[in-house]
Amino acid sequence: MKPARPQSARSRSLAIGMRAVGAVALALTLASCTLFGGGSGGGSSAAQPGAASGQADPSIAAAAPAELRSFYSQQIDWKPCEGGAFQCAKVKVPLDYSKPDGDHIELAAIKLATKGDKKGTLLVNPGGPGGSGYDFVRDAANTNISDKVRSAYDIMGFDPRGVKRSAPVTCLTDPERDASRAKTYALDTDAGLEAALADNKAIAAKCVAKTGPVLAHIDTVSAAKDLDILRGVVNDAKLNYLGYSYGTLLGATYASLFPDNVGRLVLDGALDPSLSYEDLTSGQAVAFDKALHSYVANCQQSSGCPLTGSTEEGVQQIRNAITAAEANPLPAKDGRKVSGSTFVSGLIIPLYNNDNWPILTRALATALAGDGTGMLQLADFGADRDPSGTYTSNSSFAFNAINCLDYPMASDTASMRAEDQKLRMLSPTLGYYFAYGGSNCKDWPYKNVRTPAPVEYKGSSPIVVVGTTGDPATPVEWASALRKQLGNASLLTWKGEGHTAYGRSNSCIGNAVDEYLVDGKAPADNTVC
């Protein structure tokens with residue numbers, strides 16, 4: 001049975017991409033409801049003239065900065081695609097917003113047209129960074145977005161700059177990726193850390209050579225400016241947007257840059273923009289440890305669970321299995337080996353979606369019996385590797401490249417060693433595998449262009465922020481922090497397990513989000529479902 005994909009981008013598991021020697025991805029991919037009243041949402045933008053044909057609305061372009069009007073006024077050529085059920089197009093945006101008259105890149109966009117009374121276009125970002133909004137709309141819009149919303153909006157996905165079809169970050173061939181994932185490093189030794197840093201430096205050089213100048217311009221601020229051009233070319237006066245996980249950082253950044261252009265924004269599985277990379281990593285280490293304990297407790301109440309005794313004893317059995325795989329990697333049926341880091345990658349993927357917990361149970365049972373095949377399949381799933389050995393996306397490379405631009409990271413040995421010890425205390429089972437994230441950017445050729453800080457939003461349209469109490473990737477506390485920073489926003493909380501809520505929780509969350517997007521009725525602040 002194939003795991004259901006997490007609602008937002010999958011975990012960029014520990015052993016993929018730039019030899020991610022630790023540092024789980026910031027994701028950056030459900031009960032009864034108690035409502036405390038309602039509110040009035042900001043107005044949705046009605047479809048403007050020319051929306052169906054792709055012809056630009058002159059009034060939209062006229063409101064754009066003069067140096068960017070050619071991008072806002074471009075005519076989009078929507079063509080049937082993906083078997084005719086969708087429409088696809090390319091949208092031009094500046095390579096470098098400080099030089100709008102210079103080179104441009106193209107963003108791949110896909111649209112699921114509404115069959116109802118169109119209010120406008122709902123743009124969607126599934127997270128990451130590095131997640132493909134194109135793939136999300138193609139593969140999941142019909143099941144994860146309600147009929148009510150799809151009847152009111154064209155649903156539009158796009159691959160952000162640097163992702164998959166949109167000037168993608170390109171670094172390694174598929175065989176090179178396999179070889180990179182198979183390597184192990186004793187990062188708590190000088191020799192192991194030096195080897196990892198040397199490999200990361202070599203991979204970074206390949207990223208530069210294969211990707212080109214866009215590699216310096218795939219930061220979140222640039223992506224947020226792209227988002228406004230996308231709003232313009234679909235002829236919406238206001239942006240209507242659904243962002244999951246990292247997509248909440250993108251959406252919050254947009255709101256701070258374009259407050260007057262905010263329509264209806266749903267930010268689900270929120271990141272706290274004010275936190276450092278190290279603080280985000282610590283928060284995730286704690287949240288994944290909590291999720292692991294929840295999984296083990298659930299497993300032990302189910303048939304076929306290989307974990308015995310108390311919850312803590314079950315977690316210790318997993319910890320022992322990871323340690324054993326570090327010393328003697330488990331064999332898998334395809335001849336590959338499952339190291340401790342690969343084991344942890346496979347362990348983390350199902351924690352993003354509690355519907356996948358039974359799959360994890362089966363994989364653990366075989367792993368504890370000496371066969372690592374199931375854990376490897378889960379790790380492959382998180383790495384976007386199909387059974388033929390083909391990697392179907394560049395999300396791990398984009399993840400690293402975007403984070404290196406978005407966050408200053410402590411990458412000196414002393415700081416990384418201290419972080420390692422802190423994370424082991426916070427999460428005895430997983431903490432080590434979250435450490436040493438700074439090594440991914442130590443020799444990155446471009447310095448960070450963003451400094452974490454609270455967002456400021458001064459727009460008149462309320463924003464809805466959604467958090468999940470058992471979210472392992474974006475702890476629920478981050479949603480509360482983002483709501484406070486935005487000010488004009490409502491916090492909607494789901495008491496459940498897994499990453500994000502809308503599309504995978506219950507009718508309480510679904511109805512609240514639908515009423516906001518379609519009817520403009522924001523849920524009361526601190527609504528709990």
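View 1. At 43% relative accessibility, Asn526 counts as partly exposed, a class lying between buried (under 20% relative accessible area) and exposed (over 50%), with a 1.4 Å probe and protein chains only. Asn526 sits in the loop between α18 (507-519) and β12. Helices (H or I, at least four residues) and strands (E, at least two) are DSSP runs, numbered from the N terminus. The phi of Asn526 is positive, about 70°, although Asn526 is not a glycine. As background, most residues other than glycine have a negative phi, and most peptide bonds are trans.

A word on what you are looking at: this is a predicted model, in which local features need pLDDT of at least 70 and side-chain atom pairs count only at pLDDT 80 or more, while totals for chains, interfaces and linings use all residues. Residues are numbered from 1 along each chain as its sequence is written, and side-chain values use heavy atoms, with hydrogens and water left out.

**View 2. Asn235, a buried residue with a positive phi.** Here is another asparagine to look at: Asn235 has a phi of about 65°, again positive in a residue that is not a glycine. Asn235 belongs to the loop between α7 (220-233) and β6 (239-244). With a relative accessibility of 0%, Asn235 counts as buried.

View 3. Gly128 and Pro129 are joined by a cis peptide bond, with omega at about 0°. To find Pro129, look in the loop between β4 (120-125) and α3 (133-144).

View 4. Strands of a sheet pair through backbone hydrogen bonds, either parallel or antiparallel; here, two strands pair if DSSP finds at least two bridges between them.

View 5. Strand β1 (residues 79-81) pairs with strand β2 (residues 86-94) in the antiparallel sense over three bridges, and Cys81 stands opposite Phe86 in β2. Four residues lie between the strands of this hairpin, where Glu82 takes a positive phi near 50°. Next, β2 and β3 (residues 104-112) run antiparallel, joined by eight bridges. In β3, Ala108 is the bridge partner of Lys90, Ala109 that of Ala89, and His104 stands opposite Pro94. Four bridges then link β3 to β5 (residues 153-158), again antiparallel, with Phe158 in β5 as a bridge partner of Ala109. Seven of the nine residues of β3 are buried, so β3 is largely enclosed by the rest of the structure.

**View 6. Helix α10 packed with helix α11.** The two helices, α10 (residues 311-327) and α11 (residues 340-348), pack at an angle of about 145°, with their axes 7 Å apart. The axes are lines fitted to C-alpha atoms, for helices over the stretch in contact, and angles run from 0 to 180 degrees between N-to-C directions. From α10, Ile318, Ala321, Ile322, Ala325 and Glu326 meet Gly340, Ser341, Phe343, Val344 and Leu347 of α11, where contact means heavy atoms within 4.5 Å. The residues of this contact divide into seven nonpolar, two polar and one charged. Ala, Val, Leu, Ile, Met, Phe, Trp, Tyr, Cys and Pro count as nonpolar, Asp, Glu, Lys and Arg as charged, and the others, Gly among them, as polar.

**View 7. The buried face of helix α5.** Which residues of α5 (residues 174-182) are buried? They are Arg177, Ser180 and Arg181. Seen down the axis of α5, these buried residues fall within an arc of 95°, so they line one face of the helix; the arc is that of the directions from the helix axis to the C-beta atoms. On the other side of α5, Pro175 and Ala182 are exposed. The buried residues pack against α6 (190-211), α11, α13 (373-382) and α14 (395-406).

**View 8. Thr253 in helix α8.** Thr253 lies in α8 (residues 246-257) and is buried, with a relative accessible area of 9%. Leaving aside neighbours within four places in sequence, Thr253 is in contact with Thr220, Val221 and Ala224.
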